[in-house]
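Subject: Structure for you to look at

Hello,

Here is the structure I promised to pass on. Please open it beside this email and follow along.

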Amino acid sequence: MTKPVVGLILAGGGARAAYQAGVLMAVARMLPRDAANPFPIISGTSAGAINAVGLAAGSHHFRRATTHLAQMWKTLHISDVYRSDWRFFAKSFLQWGGSLLTAGKLIHNPPGLLDNQPLREYLGRAVQLRGIDDAINSGALRALSLTASCYTTGQSVSFFEGEEGIEPWHRHQRHGLRERITLEHLMATSAIPLLFPSSQIDGRHYCDGAIRQMAPLSPALHMGAERLFVVSLVSQHDKRPERRMQPVVPSLAQIFGHLLNSVFVDSMAADMERLTRVNHTIALLDEQMHARGQTVLKRVEVFNIAPSVSLDSIAHRHFSRFPATLRFFLRGAGGTRQRGSTLSSYLLFEPQYCKELIELGYKDAFARKGEILNFLAGQ
């Protein structure tokens, strides 16, 4: 029996995406050393897109690619992602103030609160984009997609490279566009609004792919995935309501963290629930009707793995790893409190924090080794 085509879904989440590297490294260690890439279709968004490209480009050597990803996260620093020096922040605040006072006529708004030019330079060195074509041509990879949100059209666009038989798709407010993946696509899908500047592709401005991405599972399905392996970045501990509600006004950090969770988490959860309902509907259909092809619905099995520990709590313990400038601003915004640590969990690109997330992902995956191997085998 032919094994089903498994699609890998890597969602966004800033520094939280280090957890994905741990899960993928564990999967590689479960398989034989020279095993082929078990995820012929890969779909990534935001920081998850960086992992997706790294894995896709190294599909010829799956274990080596996962090791490289983990090493990249273990050595990553905030200075590799965005500027955090006093000179930059002073200039940025003066520019924002001048823009407000002159109504943007004399001084324009800065493109973002943070300057992510260091990320562009880092990815240019660390990611071998040419490996994507080689992987597709050799059959080690069927398709890769990165999703970005277009400021110009308001649509969610999934840029993809893949085998010739994969057709572009068009749905309400979202479509798939065949295009060679470049550094600009990576910068576009990871450009969190307000925080980072937009990126231009073909004359249009794009921002983080999680924005307006109402169906994050769909790109992999459009490219031919029959099963989905989803690596989530939110623990069930983060979703549990507090036992006792306290009338405390939310801090700025808590509000911003809430907005980031809304962007990166809610659409994925809603799409998972929608797929569960579709699978349930299919199960209720008459088998003969389904056999005669009188329904276009297809059952899609999903394996979802999520952190067993709250990533917010881990970030809270590593708050001191932030540079002095960011500690100053985050402390003033309430980022040192437990409730405000969500924002820190997205921005803390530091080795000690990322290493702990990698170890957690590795541990969580091996705790479900039997389930994972059965899922990849089509059982």
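A charge is taken to sit over a ring if NZ of Lys or CZ of Arg is within 6 Å of the ring centre and within 35 degrees of the ring normal. Keep in mind that this is a predicted model. Arg16 lies over the face of Tyr346, at 4.6 Å from the ring centre. In the same way, the charged end of Arg227 is placed over the ring of Phe375, 4.9 Å from its centre.

Phe375 also belongs to an aromatic cluster, together with Phe39, Phe62, Phe229 and Phe303.

Next, the aromatic pairs, of which the structure holds twelve. In one of them, the ring centres of Phe159 and Tyr206 are 5.5 Å apart and the planes stand at 70°, so this pair is edge-to-face. It connects distant parts of the chain, since Phe159 is in strand 4 and Tyr206 in strand 8, 47 residues apart. Phe159 is buried, with a relative accessible area of 1%, and Tyr206 is buried at 5%. Phe319 and Phe322 make another edge-to-face pair, 5.6 Å centre to centre with 65° between the planes; both residues are buried.

Then the nonpolar cores. The largest has 99 residues, and Phe39, Trp73, Tyr82, Leu144 and Phe229 touch the most other members. Helix 1 (residues 18-30) supplies the largest share, ten residues. A second, separate core has 18 residues, including Ala220.

Ala220 is also one of the residues that Ser43 touches. Ser43 lies in strand 2 (residues 41-45) and is buried, at 2% relative accessible area.

Regards

Conventions: Residues numbered from 1 in each chain as written. Predicted model: local features only at pLDDT ≥ 70, side-chain atom pairs only at ≥ 80, totals over all residues. Heavy atoms only, no water. Helix = DSSP H or I, 4+ residues; strand = E, 2+ residues; numbered from the N terminus. Buried < 20%, exposed > 50% of the residue type's maximum accessible area, 1.4 Å probe, protein only. Contact = heavy atoms within 4.5 Å. Core = buried A, V, L, I, M, F, W, Y, C linked by side-chain atoms within 4.5 Å. Phe/Tyr/Trp six-rings, centres within 6.5 Å; stacked < 30°, edge-to-face > 60°. Lists of a residue's contacts leave out its neighbours within four places in sequence.
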